[in-house]
Amino acid sequence: MTSDQIRQVILEILERIAPDEDLTDLDDVRPFREQMELDSMDFLDIVMELRKMYRIQIPEEDYPNLNTMAGTVSYLMPRLKDVAVGA
Amino acid sequence: MSDQDRIVITGIGLTSPNGNSLAEFRQNLLNGKSGVVDYETRYMGPVLAGVCNFDELRYQKKKDLRRGTRAGSIAVYCANEAVRDSGLDWPNVARDRVGVYIGITEHGNVETENEIYEISKFQYDTKVWSHHHNPRTVANNAAGEVTLNMGITGPHLTLGAACAAGNAGFIQAAQMLRLDEVDIAVAGGVSESIHTFGIFASFAAQGALATHEDPTKACRPFDMNRNGIVVAEGGGICTVERLPHALARGAKIYAEIIGYAMNSDARDFVLPDANRQAECMQLAMKRAKINVDQIDIVSSHATATEQGDIEEASALRRIFADSKAVINNTKSFIGHAMGAAGALEMLGNLPSFDDGIAHATINLDDLDPRCALPNLVINQPRELGNVNCILNNSFGMLGINSVVIVRKYVG
């Protein structure tokens, strides 16, 4: 997947776990939690969705990498580079 | 009894398969309108169920619905509706003096089944088991979700009491108010049971799951052709207060809870016991300091199972054979709303205090002689004139019985 495709996947996950939020103007470099209601259980939903969709195991010590969209895409790029969209 | 010990119902919120407010529910009970429909459940295929269609987003966000449970959502809707109906100045109510007491038949099955189904798609890898499972399945979930939604910091309990649970919620409220533990109770019962296939499958395995080509005719208490339970979801929740508290704020008073009782059969996991049911009703009347002649309407539990109806009819005959009380039933309209059943059954009868009418039990075309009852209100509502007292009878598995008696409040 490309970085744009990964971003789109993350956006779709966020839309599912925060269905009341308008994510149109999401700033990729600002922390998610500054832009939307996202508590620790929601954050675990992101991790769980990635696990279900791509069988990625994200260790807890890596969670800080997922604080922003840019950080998340950057973290996932090497792990999803060989994965097809929708896999 | 001092006025401080007198307990009154001041607000009502409900969702039933045939109505999402007391007015709509009552009208459909008087009109004989069923809420039972065809329903698909996982693994079992088509069944019949009482399904609610309330506005889930009236008091919750989409995210709240995703995070919580159906039982929680029903409870949140009904509790908010009750508070709104009560006229309480909610922003200025001391929330640490509000208690939430909600009866439920079972809880956790829906979420557990959903999670097992989900991990089955991942070769049963428990690493995809949801972190939401525990907060969704803790036994206090329904009442706890109400406190989260409404900012209530007083005590909350979800009371597991099988199908006697709706009454149990009201009883707990009355007791906590009399103990001065709270000033306002948000109390009643809820059911999310149609979302678990297990409850349908288990009743089917018992030979106690109703079938009928016409869903609206499927629930047939006391009828020769009854063939079991129609599972339903729903909720009935009230604001309950001590009389002086309600009077001080000029509240509308729907009814006074004058008596209640709970007891146990100590006999069988499933089968009810007419002896203990009769004792429970008698104890409630004794506590209410009334005799049988003062009861105008008996709201029967009547699940439309073979033995359940026979046992209850036996208990009711023992007490009401020579009385003026008429006997009706709500499950024939909506199915068995489990934890909500007792609450909905009582609430649907409360308007009788104003209109003097007893709604019927419907789908009773061929009375089972073993269920013959005095003054059974069959298929058509009955004008009674003045209604002062209603006895609401409930019972459930493991031999749990509950009775609540309410009286018209006359200031």
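I began with chain A: among its contacts between residues at least 6 apart in sequence, 63% join residues at least 24 apart. Two residues are in contact here if their C-beta atoms, placed from the backbone, lie within 7 Å. I note that this is a predicted model, where local features need pLDDT of at least 70, side-chain atom pairs count only at pLDDT 80 or more, and totals for chains, interfaces and linings use all residues. Residues are numbered from 1 along each chain as its sequence is written, while chains are lettered from A and ligands numbered from 1 in the order in which they are written.

**Chain A as a whole**

I found 4 helices and 0 strands in chain A; helices (H or I, at least four residues) and strands (E, at least two) are DSSP runs, numbered from the N terminus. The order from the N terminus is α-α-α-α. The C-alpha trace spans about 30 × 25 × 20 Å along the principal axes of chain A. I looked up burial too: 22% of the 87 residues in chain A are buried, meaning 20 or more other C-beta atoms, placed from the backbone, lie within 10 Å of the residue's own.

**Helices α1 and α4 of chain A**

How do I describe two packed helices? I see the axes of α1(A) (residues 3-17) and α4(A) (residues 69-80) come within 9 Å and cross at roughly 120 degrees; axes are lines fitted to C-alpha atoms, for helices over the stretch in contact, and angles run from 0 to 180 degrees between N-to-C directions. That makes α1(A) oblique to α4(A), since angles under 35 degrees count as roughly parallel, over 145 as roughly antiparallel, 65 to 115 as roughly perpendicular and the rest as oblique. I listed the residues that meet: from α1(A), A:Ser3, A:Ile6, A:Arg7 and A:Ile10; from α4(A), A:Met69, A:Thr72, A:Val73, A:Leu76, A:Met77 and A:Leu80.

**Chain B**

I counted 14 helices and 15 strands in chain B. The C-alpha atoms of chain B fill a box of roughly 65 × 55 × 40 Å along the principal axes. Of the 411 residues of chain B, 57% count as buried. In chain B, 79% of the contacts with a separation of 6 or more are between residues 24 or more positions apart.

**Where the chains touch**

Notes: A residue is buried if 20 or more other C-beta atoms lie within 10 Å of its own, exposed if 12 or fewer, and partly exposed in between; C-beta atoms are placed from the backbone.
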